[in-house]
Amino acid sequence: MKKILLIYVLLLLTLTTLLYVTWEKPTKVKAINKENQQLLEDISEPCSLMLEPVDKSMTNAKGVALIYKVQLNPPSFARTNISILAVHLPKPSTYGDFDSYEGFASIPKEISWRFKLYPTPEDNDPSWAGRFDLITAEMKNVEVQVRLSNSKTGKLGPSVLTNSFSYCK
């Protein structure tokens with residue numbers, strides 16, 4: 001009788017384990033996949049934002065920021081990319097001790113990101129472009145700017161192009 005009871009308990013334990021493996025893990029995987037899908041759906045991609053000059057006399061200066069999800073190293077989670085293109089900006093040295101421009105994005109009082117903008121090889125009046133791919137924060141109440149920069153000292157100067165959005169959807 002003890003042998004039958006022991007076999008019964010072992011069978012019950014085996015069935016319980018089998019049920020756990022069969023039902024629990026796919027449920028967790030489905031929950032993770034659903035969470036990742038929800039993150040991708042929360043932001044309708046891509047979003048774009050026109051960057052306007054701070055100094056209104058710079059009538060030709062404009063920029064655009066592209067915000068969208070990228071998944072660079074699967075199976076890691078998606079991150080947000082901000083790419084900036086700025087055109088018809090004056091030479092940075094026009095404003096003093098500056099030699100380049102940087103992209104700057106922030107969620108005020110929370111976090112900020114800065115990244116180098118690179119000039120195109122045009123002789124006069126190059127366009128400036130750059131990107132940052134590693135944003136994990138939710139993109140709400142974001143300010144995006146093109147700012148002056150001194151690449152030797154790391155000093156970030158004032159904004160020349162700017163705009164903001166409440167929610168990228």
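These exercises work through confidence, strand pairing and salt bridges in a predicted model.

**Exercise 1. Find where in the chain confidence is lowest and where it is highest.**

Solution. 
- Then go to the elements. Confidence is lowest in helix 1 (residues 2-42), at a mean of 55.
- Strand 4 (residues 100-107) has the highest confidence, at 95.

**Exercise 2. Work out which strands strand 3 is joined to by bridges.**

Solution. 
- Take strand 2 (residues 62-70). Nine bridges join it to strand 3 (residues 79-87), and the two run antiparallel.
- One partner pair is Lys62 with Val87 of strand 3.
- Now take strand 6 (residues 128-135). Six bridges join strand 3 to strand 6, again antiparallel.
- Here Ile84 has Gly130 of strand 6 as its bridge partner.

**Exercise 3. Locate the salt bridge of Lys62 and classify the exposure of both residues.**

Solution. 
- The partner is Glu52, at 2.6 Å, N to O.
- Glu52 lies in strand 1 (residues 47-53) and Lys62 in strand 2, so the pair ties together parts 10 residues apart in sequence.
- Glu52, at 27%, is partly exposed. Lys62, at 30%, is too.

**Exercise 4. Describe the salt bridge between Lys152 and Asp99.**

Solution. 
- The closest N and O atoms are 3.2 Å apart.
- Lys152 sits in the loop between strand 7 (140-149) and strand 8 (156-167); Asp99 sits in the loop between strand 3 and strand 4. The pair links distant parts of the chain, 53 residues apart.
- Lys152 is exposed, at 73%. Asp99 is partly exposed, at 32%.

Terms used
Residues numbered from 1 in each chain as written. Predicted model: local features only at pLDDT ≥ 70, side-chain atom pairs only at ≥ 80, totals over all residues. Heavy atoms only, no water. Pairing = 2+ DSSP bridges. Helix = DSSP H or I, 4+ residues; strand = E, 2+ residues; numbered from the N terminus. pLDDT = per-residue confidence, 0-100. Salt bridge = Lys/Arg side-chain N within 4 Å of Asp/Glu carboxyl O. Buried < 20%, exposed > 50% of the residue type's maximum accessible area, 1.4 Å probe, protein only.
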